[in-house]
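User: I would like to learn how to read the packing and the backbone of a model, taking one feature at a time. Could you guide me through it?

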Amino acid sequence: QIAHAINVDESDYKYVRAVNMTSTNSYAQAINYGQTHPTRDGGSWSGWCAALMVRAGNLPDSSVCPSAIECYHKSTIISHDIGSAPSGAFHWWDIGEYGHVAMATDNGWAMMASCHITESWGDCIGVTPVSTYTATTGATYLGWSYDYSNSEISDVHHPNPPSPDVPRSATQDNGVPDSNYYKRQQIYASHHGYTGPIDGVLGTNSWAGTQRGLADYGYTGPADGVPGPNTYAAMQRLASHYGYTGPIDGDLGPNSYKGLATYFNTL
């Protein structure tokens with residue numbers, strides 16, 4: 001049996017409307033919910049992973065989606081590095097029609113509604129290593145996000161330092177790289193080992209940091225700071241998560257830049 005998110009139903013919408021929505025739950029509260037709810041309204045949790053995230057996280061009505069894969073498309077993927085996900089972040093998979101989602105715990109494990117779990121808390125609910133779930137089900141791991149459709153667990157830790165005060169890049173709108181686009185690319189690189197200035201001048205070190213980050217998007221070349229078609233193709237894969245629908249051909253054009261800027265403007 002392949003457990004995945006069928007959807008959420010009206011009982012989940014009623015739940016979020018009935019509870020106190022002054023804030024989302026903390027990580028400890030979310031885990032406590034999972035540990036103290038071995039069934040979903042008396043039945044199995046199998047197939048209701050999105051419902052578990054909504055209820056455990058005390059997420060607002062505005063963040064409820066009919067399926068996990070729909071919420072994935074409304075969330076901001078930070079990385080495909082499982083170990084870097086803080087407790088309370090969300091892991092996402094492409095499996096079946098509806099996808100799958102789980103909440104990061106620690107050491108690469110996650111709380112989920114699934115029959116494919118290592119430590120059971122009830123009827124198809126518990127925790128398991130993210131890599132084990134992926135290997136067992138054959139699902140495609142899509143990465144992790146701080147947010148679940150624009151809502152976060154109240155105390156999820158953002159390990160990266162605050163970004164420098166760089167204005168939004170207009171590249172997101174017109175597809176033409178400007179100085180703020182290049183500064184924001186350097187901010188992206190700073191999340192992957194770049195320690196130089198955020199001055200909009202892309203040098204070898206800026207590109208090396210960018211290439212290290214692009215390993216999450218299929219870049220397998222060296223982090224040598226010399227961009228080429230493989231670097232640009234990985235950038236297009238990143239952009240494809242943020243609105244780019246063109247070919248992955250290593251030729252960056254306006255639509256590629258729009259997608260990249262959409263992501264870089266979130267940093």
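User: What covers the buried residues of H10?

Analyst: A word on the source comes before the case. This is a predicted model in which local features need pLDDT of at least 70 and side-chain atom pairs count only at pLDDT 80 or more, while totals for chains, interfaces and linings use all residues. Residues are numbered from 1 along each chain as its sequence is written, and side-chain values use heavy atoms, with hydrogens and water left out. As for the idea itself, an α-helix has 3.6 residues a turn, so residues three or four places apart point the same way. Helices (H or I, at least four residues) and strands (E, at least two) are DSSP runs numbered from the N terminus, and buried means under 20% relative accessible area, exposed over 50%, and partly exposed in between, with a 1.4 Å probe and protein chains only. In helix H10 (residues 254–264), the buried residues are Ser256, Tyr257, Gly259, Leu260, Ala261, Tyr263 and Phe264, and their cover includes strand E1 (77–79), helix H6 (171–174), helix H7 (179–190) and helix H9 (229–239), where contact means heavy atoms within 4.5 Å.

User: Which residues have the most contacts inside the largest nonpolar core?

Analyst: In soluble globular proteins, nonpolar side chains tend to be buried together. A nonpolar core is a set of buried Ala, Val, Leu, Ile, Met, Phe, Trp, Tyr and Cys residues joined through side-chain atoms within 4.5 Å. The largest one here has 70 residues, and Leu52, Trp92, Met111 and Tyr148 have the most contacts inside it. Helix H3 (residues 49–57) gives the most to this core, namely seven residues. Leaving aside residues up to four places away in sequence, Tyr148 touches a set of residues that includes Ala50, Met53, Val54, Phe90 and Trp92.

User: Where are residues with a positive phi that are not glycine found, Asp41 being one?

Analyst: Most residues other than glycine have a negative phi, and most peptide bonds are trans. Asp41, with a positive phi of about 55°, is found in the loop between helix H2 (27–36) and H3. Cys124, whose phi is near 60°, lies in the loop between strand E5 (119–120) and strand E6 (125–129).

User: Are Asp41 and Cys124 buried or exposed?

Analyst: Asp41 counts as exposed because its relative accessibility is 56%, whereas Cys124 is buried, with a relative accessible area of 12%.
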